[in-house]
Amino acid sequence: MAITEDQLRQEQEQYKYGFSDPENYVFKSKRGLSAEVVEEISYMKGEPDWMRDFRLKSLKHYNKRPMPQWGGGGLLNEIDFDNIYYYVKPSDRAENSWEDVPDYIKDTFDKLGIPEAEKKFLAGVGAQYESEVIYHNLQKDLEAQGVIFLDTDSALKQYPELFKKYFGTIIPPNDNKFAALNSAVWSGGSFIYVPEGVKIELPLQAYFRINAENMGQFERTLIIADKGSQVHYVEGCTAPTYSTDSLHSAVVEIVALEGSRVRYTTIQNWSKNVYNLVTKRAAAYKDATMEWVDGNLGSKLTMKYPAIYLMEPGAKGEILSVAFAGHGQHQDAGGKVVHVAPHTTSTITSKSISKEDGRSSYRGLLKVHPEAEFSKSNVRCDALLLHENSRTDTYPYIEIENDRVDIGHEATVSKVGEEQLFYLMSRGVSEAEAYSMIVTGFIEPIAKELPMEYAVELNRLIQLEMEGSVG
Amino acid sequence: MEKSLIIRDLHVNVEDKEILKGLSLELEKGKVHAVMGPNGSGKSTLSYALAGHPNYEVTGGEVLFNGQDVLEMGADERAQLGIFLAFQYPMSIPGVSMANFLRTAVNSVRKARDEKPMRVPDFRKMLNEKMSVLKMDRSFAGRYLNEGFSGGEKKRAEILQMAMLEPKVAILDETDSGLDIDALRIVSEGVNALRNPDTSVLIITHYQRILNYVKPDYVHVLVDGRIVTSGGPELALELEEKGYDWVREQFAVPA
């Protein structure tokens, strides 16, 4: 994790915790962003020229693009981009100590019952040996099948050709301002290549890559599923991802080649000071299936719309999105599907929950190209409001460019009713528990798609969010 | 006779309108009491007020459960004490299975009584037993609470909840409404099977019909927010025959 100061809201506090003592770092870029800083990052990483040029070109795009004014518009203007360290050498992460992690984060870990080792990892403080062993065993098994599972920086060094062939092809640097930013200063993330016909049964979890960079500020993930292969990648964790970073801007690119099946599951719970601005996109080729399962809790503002381009006939895409916006939070989430080829199918299911003055938005795009005849798509978005001052908005953009398609769209907004609460409470259930039952019931269609332990933790997290919210 | 619930001079407002106007009623342990009344007499208000609905404002009187005043308690606390209301119109809760809901409810009540949570196998066994008493298919346990249930299924689900929670005071609010004769019989048999010397049952109804299946020990007549007369089971039959106007005239209640 690239540790940088939180310059936005808690500057004093961060100093107190000592995360940003410059003497702890071997290398740290200057504050702010410039061609010089970008070149320096590339140099420190020992990258090939093409990557340096890619970064510089991306920086130009970034500088040219205006700040988006939609979505979290107003909030984005509050980010002080000149005050951010864009690169801190990751190996120095271990310098942070468990003692420095704020008590409220530790308390939450305790409530979740997360083992000590995982807690430390989640807090971004150093490695743990047991997990390393698990990781290495997993690595051996995967290597035997020809699977590559590395942090993205190492992959660039070890597999330069494969890397270059796909990197930046799904999300080009000029795609949007934050993709450009990531392209200029990316660091860490996961690189996965699954060879033809290889089916990885267990979900690959970033958690096991304990020593590697995977939750940095500008992480970059690239997954290539070769023909007929299968992989499920689980990112992040349901515990609050503690980060001193105020800005998290990741890019995730996925290539699902013919007949492959890729599922990418994210359950994230950022600390409440974080701007989480992520671009995720997959290209699914002939008969391939791509699934995004995306759960967003925490953060101050999240803008994230996992996308699937259905490139060839028979491709299928599914997006499941859950967002929980608590006090002072804005979750602008949804999904995007582009039907490029005929006989392609897609489903978007979005569930959002707004608590107190929290605000959640569904923002989705469904686009069907003129060539994409006989395509089918179904979009469903449901919003649940917990309190009178909770807010939800729906922005469903639909662009259909031919008639021979089958499109369904349904949106609902519901409020937790007094009668529902009374009904549950009349059975002896407390008000907080009644609320969390209604909420967990609401997201059940998505929770059941998660690996068991994640579903359990997601439900417990929501229970924690609900505690103290009523009274 | 030992009383489980004593209601004295209860006044309840709904949206600033007085609906219960000094209602008094005492329930005996192990007995079945029926409260009968015409539309608008305050039957549902009585059941909601006893269960602790926040919109039913108690402006006077007292309700004692085994000597303890419950009026200051929330609905959850009353349920934990052992007051149960079978709803006339149960709410559906999508995504929450009957079994999960019941386990949470049962364990909430146990927790309030400082008892350990029920073990999953014990819970399942109990659930299966109670479901077979009510002639409910096992698949019921996996269905979402009241979601897509027929009228009869909803009422049976209410009685199942009652059976699982083993209340000391069970209030059945117009449980017979909307039931065909077969469903009514099944539900009634369920209620009868759950009768025990510790539990008082309060059947709130417009019609005498359900009382053919669940024999009351006492019948009370509710008119215009007050119990105007009480008697044995024969009173229900008399009401059925002579109608509520007869009671109004008899007890000089303005219509």
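Which strands of chain B pair in the parallel sense over 4 bridges? They are strand 3 (residues 32-36) and strand 11 (residues 218-223) of chain B.

## Ground rules

This is a predicted model, with local features needing pLDDT of at least 70, side-chain atom pairs counting only at pLDDT 80 or more, and totals for chains, interfaces and linings using all residues. Residues are numbered from 1 along each chain as its sequence is written, chains are lettered from A and ligands numbered from 1 in the order in which they are written, and side-chain values use heavy atoms, leaving out hydrogens and water.

## The chain B sheet

Strands here are DSSP runs (E, at least two residues; helices are H or I, at least four), numbered from the N terminus, and two of them pair if DSSP finds at least two bridges between them. In chain B, 6 strands make an open sheet with mixed pairing, in the order 6-9-10-3-11-12. Strand 6 (83-86) and strand 12 (226-231) of chain B sit at the edges with a single partner strand each, so one side of each has no neighbour in the sheet.

## The nonpolar cores

A nonpolar core is a set of buried (under 20% relative accessible area, 1.4 Å probe, protein chains only) Ala, Val, Leu, Ile, Met, Phe, Trp, Tyr and Cys residues joined through side-chain atoms within 4.5 Å. The largest has 116 residues, and Leu160(B) is among those with the most contacts inside it. Helix 12 (residues 431-447) of chain A gives this core its largest share, 8 residues.

Apart from that one lies another core of 32 residues, including Leu142(A) and Phe149(A).

Terms used
Buried < 20%, exposed > 50% of the residue type's maximum accessible area, 1.4 Å probe, protein only.
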